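Visitor: Could you walk me through this model, one question at a time?

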Amino acid sequence: MTPPARSNHAGPVFEMSDVAVSFGGIHALSDVSLAVAPNHVLGVIGPNGAGKTTLFNVACGFVQPNTGTLHRSGALLTRLQPHQLAGLGISRTLQGLGLFDRMTVLENVMVGADRHAGAGFFSGLLGLPQSSKEEAALRGRATAVLNELHIEQYAARFPASLPYPIRKRVALARALASEPELLLLDEPASGLSSDEMSELGELIRGLVDRMAVMLVEHHMDLVMSVCDHIVVLDFGRVIASGGPNEIRENPAVLAAYLGNEVDDESARLARTGS
Amino acid sequence: MSRISSDSLKARLLRTPLRRNILGALIGLVIVIAVLESVGPFRQGQFATMAYLGIAVGGLTVLTGLNGQLSLGHGAFMAVGAYTTALIVHDAPKLLPLPVVMLLSMLATVVVGAVVGLAAARLHGPYIAGATLALAVAVPGIASFFGDTFGGEQGLSVAQPTVPAWFADAVYFLTAHDVSSSKYLAYLGWFGLIVTFVLLGNLSASRMGRTWRAVRDDAVAAEIAGINVGRARVTAFVVSAACAGLAGSVMVMVVRLAAPSGFTLTLSLSLLTAVVLGGLGSLVGALIGAALLTFLPQTITGLGLSVGLSDLQSAQLAPFAYGLTLVLVILLAPAGLVGTIRDAWHRRRSPDAPAIHHELHPKQETMQ
């Protein structure tokens, strides 16, 4: 078992430089640059269709940028598959959760810890002691994460039998079990009550001791309270970047939200901004 | 006191999957010896048939049940194993010991399985079914076409294997019975099955098994969790093909012939129905499925004769009964016989747990 690689690199954990992605003739992202500092939470916001999901898909390897570069702790990442990026410590949650329905909660989380396993096919085939020792270690790691998120009582249950907020925690536990250097959270607050959301905010702030976090989220209260830095996307371009207070008062951001689509969130943003 | 010590003994014996599986294998071995020593040559032949079908169904249930890939072409992998054995044994019957021949046949099938698995890993659902279906149709055709090598429609015949002296001595020592050639083959088949099932059981309880199930349930989520989805799919395919190759090798020694007519599409489909009957992903279920495949037709035919039907009518009753069984299982116990019992057990432990549906196709992926 290898401990997660901690580099001595002092700069950003993750950097995107001049990334552009187009599907057919549509520019989903143009010249997007951002950096996630160690022990920081970076929020990515923007109206629907602004390119937030594409940005995440580039960060985790599902979409290869047409131009531009990605760096992890100063090292260039070129054309890596998502599973390779996961092995390098970039972990992600999915909007649709993507839990393994026919596996228990504990097994789901153990899959997340898989990058810390080294037992190969043959040690599993022959049931070598190394294999069972490693299984016990993975189980311990997964149980620790379940304890941390207070869902240890569901370890033996199947995800489909659990309420949605608990399932969201299981998905988060699976992403945390890999002990990533960079955690990508895709709308972690959707479907949560306001109490659950403030609990989530505390949880995310508690994670920054161990990792950097990148967050796509619609709930502005959460974004403003947990993020150290916010990047605002509109039509695939970065229109603003800065701390929560700067973003709140940025006229370009207000225009993007109010000019396109007025929903509850952007109305609230406008109120807090003015 | 004695209660405590027996509990800790039980805990020690069952602590790791390997120990559990070996314990199961030893119990299985005792049952196999007891059964094979108490039945006649005809039944021994039937048990040998059940053994090779069980090996093939066990491999297929790992592919379909644990990894969610559907193969309609496992009969073709059996053919590869069978023809490899036949080619070796046909020319030089005594050159190599049978276990070595069986291993070589598995290796040949592993190579073919890796090639097909690489193709299948890039396909989804019905397309894998189509590709493997083509394989099931093509492979017997290849054997017919290259008649000089593979004996054409007549096939390659295989001589009755001689029983090694040490084996006859060992069985005589244990049971005070002599070993006929048919009993030797039944033993060989069941030893092969027990070893295969222990290894498959180890795999399914290991990191590899969890990886396969994760890929089956949600390939996208598995990929972002760091699993190389393509490699996991190919590995499952190769393991499954290796089992089919071993099954083919045993089969050719039992029926003493490798011919295209032995590896029709019906064989591939029968293997799949046995998987569904037993319960996807369950090795015990695979054994039940293989037993049904082997014994149900003859039992039904015998039943037909005993109620006064003609030979022809009785023979026609068997496929009818088999089809009926399949329909009833799918309607009443869609998770298969073992799967249904397991679901009921899980529900008893956590009452609000839903039935775990066992689908042939992996569900739609949850990419947003």
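Visitor: In what order do the four strands of the open sheet in chain A lie?
Guide: Welcome! This is a predicted model, where local features need pLDDT of at least 70, side-chain atom pairs count only at pLDDT 80 or more, and totals for chains, interfaces and linings use all residues. Residues are numbered from 1 along each chain as its sequence is written, with chains lettered from A and ligands numbered from 1 in the order in which they are written. Strands are DSSP runs (E, at least two residues; helices are H or I, at least four), numbered from the N terminus, and two strands pair if DSSP finds at least two bridges between them. The pairing here is antiparallel, and the order in chain A is β2-β1-β4-β5.

Visitor: Which strands of chain A stand at the edges?
Guide: An edge strand has a single partner, so one of its sides is left without a neighbour in the sheet. In chain A, that describes β2 (26–36) and β5 (75–77).

Visitor: Which residue in β2(A) does A:M16 stand opposite?
Guide: Strand β1 (residues 14–23) of chain A pairs with β2(A) in the antiparallel sense over seven bridges. Opposite A:M16 stands A:L34.

Visitor: How many residues does each chain bring to the contact between chains A and B?
Guide: Residues are in contact if their C-beta atoms, placed from the backbone, lie within 7 Å. On that basis, chain B gives 32 residues and chain A gives 38.

Terms used. Contact = placed C-beta atoms within 7 Å.
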